[in-house]
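Reader: I am new to reading protein models. Could we go through one together, feature by feature?

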Amino acid sequence: MFSNSDIVCAIELGTSKVSALVGAVSADGGVDIIGRGCVQSQGIIKGEISDVQRAENCLIRALEEAENSCGVLANCCLVTVLVTGCDIDSQSGTGSTVIKNSMGQVTMNEIIEAEENAEIINLVHEREIINKSTSYYELDNRRVENPENMPGSRLDAHVHLVHGISSRINNFTSLVRNCGFENTEIEVIFSPLASSFGIVSHSERENGILLIDFGMGCTDYAVEFNNGTTGSGVLQIGFDHVANDLAVGLELPIDTCRKILASGELFKAYEDKRETLDFPTGVHGLRRIPRVSFETIIDQRLRETFEIVKAKLIASKVPLTFDGGVIATGGGSLYYRTREIIGEVFNAHCQVRSPADLRGAATGLANPCFSASWGALKYAAVCLKRQGNGNDNAFDRLVNGINRIFDNSKIGLGNIRKSLKF
């Protein structure tokens, strides 16, 4: 049925859910979903592990569910793990090299050397690079998309580097290893890069797009332009903070507020033009709260959150020109006002997007909540198919980079390039 070498898995340890998607990589390089497990999250707050034992129990249950649905998880040879929180930040790096070969043309060796030099940045000792993506190249001070085989004397690689606190990132990989993947290759990917890989098209990356993954515990974002990442980051503020705002502002139990948000009751009231939401108080009492009170509190929190994202992009000197508009995904994007507020903050067209190119046992996965998981599974398929592949067409890629394997050592840059070209 499936070769042992064909099976990959993507794991998400999120604030609202812990999930595992199992895929079989096909001959064409695509991936078919053959199993899945998803349980309510415990022991994870704002995208970070706060209680290892509870989080591990959740992952074990999700993996058991996935194994029961496909029966081949034990054959998995590569796992991708989504990470967020962890004080993740990003910055630009520039690396240069002189063209030394006798032909005076750029070879893959010079490209690798320039990108490797771009990685040399000053990080405090407890931080490490997670992913990198080449934003663009300059050959003799002229911007080029693909410098390979072009004549020149100096090549500069401008690279987007994502880094976080090592110990907190290790919490994710250690937990996964402890759940049965001791001898399996594990690669880490920053959540918004995975979401982008899962739902953003080649042309959108080329023309410029802002992706906002609005989750329960965190808001992740990434800017793509010219098929490279130019900005990314995370706020440890998510849609669950809205429930807390409602609980405080309207003096309601937080579980009641979470239920209202999760059930879509506010949108139904909006559609039905109901002016109030009613809540029982005691045996015969009834408290009526204007719908506009909920909407006002939620709008304020959402607007503030996206304004912070905008301010962080401006501070990083990322141009706020997105010809492809803004894509919103994640659980918080399902709220009916999210798209409109993002559009107003960034003065751009915003659309809510879910995974659309799913293959295999994909029932229920065409949902913004699974964009990052689907992207991570596609990423796992690319990593697996490209390992050891001599095809060096390196320039149509989203994430190439510095990813770690199960023993926490670094993969050689040349092998990484071979692994991650797509």
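Reader: Let me start with the inside. Which residues in the largest nonpolar core touch the most other members?

Author: Keep in mind that this is a predicted model. A nonpolar core is a set of buried nonpolar residues joined through their side chains. Here the largest one has 66 residues, and I11, L59, V79 and F181 touch the most other members. Helix α11 (residues 371-386) supplies the largest share of this core, ten residues.

Reader: What does I11 touch?

Author: Leaving aside residues up to four places away in sequence, I11 touches S19, A20, L59, L63, V79, T80, V81, L82, V176 and F181.

Reader: Now the pockets. What is the volume of the largest pocket, and which residues lie nearest its centre?

Author: A pocket is an open space with protein around it, and we describe it by its volume and its lining. The largest pocket has a volume of about 1300 Å³. Its lining has 50 residues, and T15, S16, M216, G217 and D240 lie nearest the centre. Elements that give two or more residues to this lining are β1 (7-13), β4 (44-45), β6 (78-83), α6 (240-250), α7 (254-263) and α8 (265-271). Helix α7 gives the most, with seven residues.

Reader: How does that lining divide by class?

Author: There are 22 nonpolar, 19 polar and nine charged residues in the lining of the largest pocket.

Reader: And what is the second largest pocket like?

Author: Read it the same way. Its volume is about 470 Å³. The second largest pocket is lined by 29 residues, with T230, G231, K317, V318 and P319 nearest its centre. Strand β7 gives the most to this lining, with five residues. By class, the lining of the second largest pocket has nine nonpolar, 15 polar and five charged residues.

Reader: Where in the chain is confidence lowest, and where is it highest?

Author: For that we look at pLDDT, the predictor's own confidence in each residue. The chain averages 87, and 90% of the residues score at least 70. Confidence is lowest in helix α12 (residues 413-420), with a mean of 34, and highest in strand β17 (residues 326-329), at 98. Over residues 390-422 the pLDDT is below 50, and this stretch has 114 contacts in the model beyond near neighbours in sequence.

Key: Residues are numbered from 1 along each chain as its sequence is written. This is a predicted model: local features need pLDDT of at least 70, side-chain atom pairs count only at pLDDT 80 or more; totals for chains, interfaces and linings use all residues. Side-chain values use heavy atoms; hydrogens and water are left out. On a 1 Å grid over the protein atoms alone, a cavity is a set of points where a 1.4 Å probe fits but cannot get out, and a pocket is an open set with protein on both sides within 12 Å along at least five of seven lines; lining residues have an atom within 4 Å of a point. Grid points are joined across faces, edges and corners, and a volume is the space filled by probe spheres set on the points. Helices (H or I, at least four residues) and strands (E, at least two) are DSSP runs, numbered from the N terminus. Ala, Val, Leu, Ile, Met, Phe, Trp, Tyr, Cys and Pro count as nonpolar, Asp, Glu, Lys and Arg as charged, and the others, Gly among them, as polar. pLDDT is the predictor's confidence in each residue, from 0 to 100. Contact means heavy atoms within 4.5 Å. A nonpolar core is a set of buried Ala, Val, Leu, Ile, Met, Phe, Trp, Tyr and Cys residues joined through side-chain atoms within 4.5 Å. Buried means under 20% relative accessible area, exposed over 50%, partly exposed in between (1.4 Å probe, protein chains only).
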